[in-house]
Amino acid sequence: MDNRDIARRLRETADLMEVAGEDSFRIRSYRKAADAIDAATVPLASLCDDPRRLLELPGIGKTMCGHIVELVGSGQLGLHQELLARFRPGMLELLQVSGLGPKTVALIWQTYNAGSLDEVEALAKAGKLRELPRMGAKAEEKILRGIAVHRELSGRYRRDQIAAVIELLRPVLSGAPGVTQLAFAGSYRRGKDTVGDLDIIASGPGFPQQGAGVVAAFLAAPRVDTVLAQGENKVSLRLQGDGLQVDLRLLPPESFGAALQYFTGSKQHNIHLRSRAQQLGLKLNEYGLLRDSDGVMIAGATEEDVYSALGLDYIAAELREDAGEIEAAASHSLPHLITQADIRGDVHMHTTASDGRASILEMAAAAADRGYQYICITDHSQALAMASGLDERRMLEHLAAIRRDEKEFQASHPGFRVFAGIEVDILSDGRLDMADEVLAQLDLVIGSIHSRFDQSSEDTTARILRAVGNPHLDLLGHPNGRLLLRREPYQYDFERILDACQAAGVAMEINASPERLDLNDVQARRCRERGIPIVINTDAHHPRHLDNIGYGIATARRAWLEAHDVLNTLPAELFLSRLRQ
Ligand code: DGT
Ligand code: CA
Ligand code: CA
Ligand code: ZN
């Protein structure tokens, strides 16, 4: 059980206690402990042998210490199970619906004895929720929308969750008897921001008949919960914890490329490709590309062979959505997609000056280790009090510290630039949360929305337009404010914002955090078409978050972006000169 799981279980316990109407002081101690665990830098499981070390963490007292030891030891928490037994199993899912906090859930439970998604949805549709105290037709409608969104999102997973599973399975499968090639396909390989299930292709001589070894290794892999299906060339499993489904398919080496192509999809891309094959007198399936006339296989071992035999340039997996890529491959006009190696600097990150975990110098060192030539430090402004955002006085001190630390860092890393910037809040009326005189002294000003997500589309559009109108703003940070699988984007007129950005020379961010991926692929492609520059940032709050850049690159590739569409592929001085003048 990792820190994230422990924190989640404690938060769920707090929510369930709240529904049960327990003491608010006690409830708060569970939430505080969960926050402390999220912030902890060591795995708690490693401290459980010596519980005194657990007690040293802020916010962890005797009770929490006991809970953590219990969770790490047994994977369960008695109190959590007791509470759940009092309600319905669906209660936890209900609590995840946006617009349904523990207080509302408690009220619904006490009044109607309803505790599942279906029950609450039925009540809302019957107009029963608006009759409750402090509720109304609007709140009821919001709950209905929340339930619909939840249904749509549940059963999907963020890319970092899938990456963790791949890290677990790759060594198990690649080391299994007979395996010569292994690939992770499906929507994950296409770089989609969320993934429904994980598709794996394994090949080796004589597979699938000779594949018993890899099937055995798969079944014995860590985290396997149940076997959903097992056939001659396919095994499907469900994993413990998040319930992810994983499909493994076995094929002989001569079919590996065709299978990888087929199971990478997308379905629409495959349908288009098959019809092209038919026109050429060929037949394409997961085993190979065959000649209609005599059934002879003309390609199949590699994807390159398959595309080439269809008269197409190789199409990168991220482009395979039937969004013009097949036509472009036929006319040799595919984009030369950006790669991670093109990125020369990361210019959105936080330090201990606001809510980051590391110092300026530690972030610089981590970036230099990753081969970058520059970074920009962009801590929060004061409106984000929770993140101890900076006011003007503290920003000026921080600016001086950044300039000092840059000099110090350059002694060991000549030429490395540490730019000074800010992620300034765009206030609800569109003003920036920092005096212009201070913004004027910074190298980069990122404007982001962190509050009042509920404004109307008109108000949010006006809000962002006013922010873009501030001559100091260089970049719009995570322009949709979505949190994948948790919070919907705020609504606004995207095209009008693009008009304004284009006129003012303001760039748009692809925030590479796997919880955001914001801009999304479709919007970023629109920016490329409009000539609006993109910056890909990790928004790191910890040195290791710098590794998230790959998620942003995948989104950029899905958006058909080339290196020259992205400002932070430029050397430091050119990067600065290309920001809004
Ligand atoms: P997901 O898992 O919902 O995020 O999306 P995918 O794209 O990974 O979809 P999945 O797992 O159902 O199937 C993997 C790939 O297999 C899919 O991208 C294309 C291929 N595939 C699956 N079913 C069909 C089908 O009925 N026709 C065709 N042409 N391809 C299919
Ligand atoms: Ca899939
Ligand atoms: Ca699948
Ligand atoms: Zn932000």
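This is a predicted model: local features need pLDDT of at least 70, side-chain atom pairs count only at pLDDT 80 or more; totals for chains, interfaces and linings use all residues.
Residues are numbered from 1 along each chain as its sequence is written, chains are lettered from A and ligands numbered from 1 in the order in which they are written, and side-chain values use heavy atoms, with hydrogens and water left out.

Strands of a sheet pair through backbone hydrogen bonds, either parallel or antiparallel. One open sheet has 7 strands in the order β11-β12-β13-β14-β15-β16-β17, with parallel pairing. Its edges are β11 (345-346) and β17 (534-537); each has a single partner strand, so one side of each is left without a neighbour in the sheet. Strands (E, at least two residues) and helices (H or I, at least four) are DSSP runs, numbered from the N terminus, and two strands pair if DSSP finds at least two bridges between them.

Within this sheet, β12 (residues 374-380) pairs with β13 (residues 417-425) in the parallel sense over 7 bridges. Tyr374 stands opposite Arg417 in β13. Helix α17 (residues 360-369) packs on the sheet and touches β12 and β13, its direction making about 140 degrees with that of β12. Contact means heavy atoms within 4.5 Å; axes are lines fitted to C-alpha atoms, for helices over the stretch in contact, and angles run from 0 to 180 degrees between N-to-C directions. Helix α18 (residues 392-412) also lies across β12 and β13, at about 155 degrees to β13.

Strands β8 and β9 (residues 288-291) are joined by 4 bridges, and Lys283 stands opposite Leu290 in β9.
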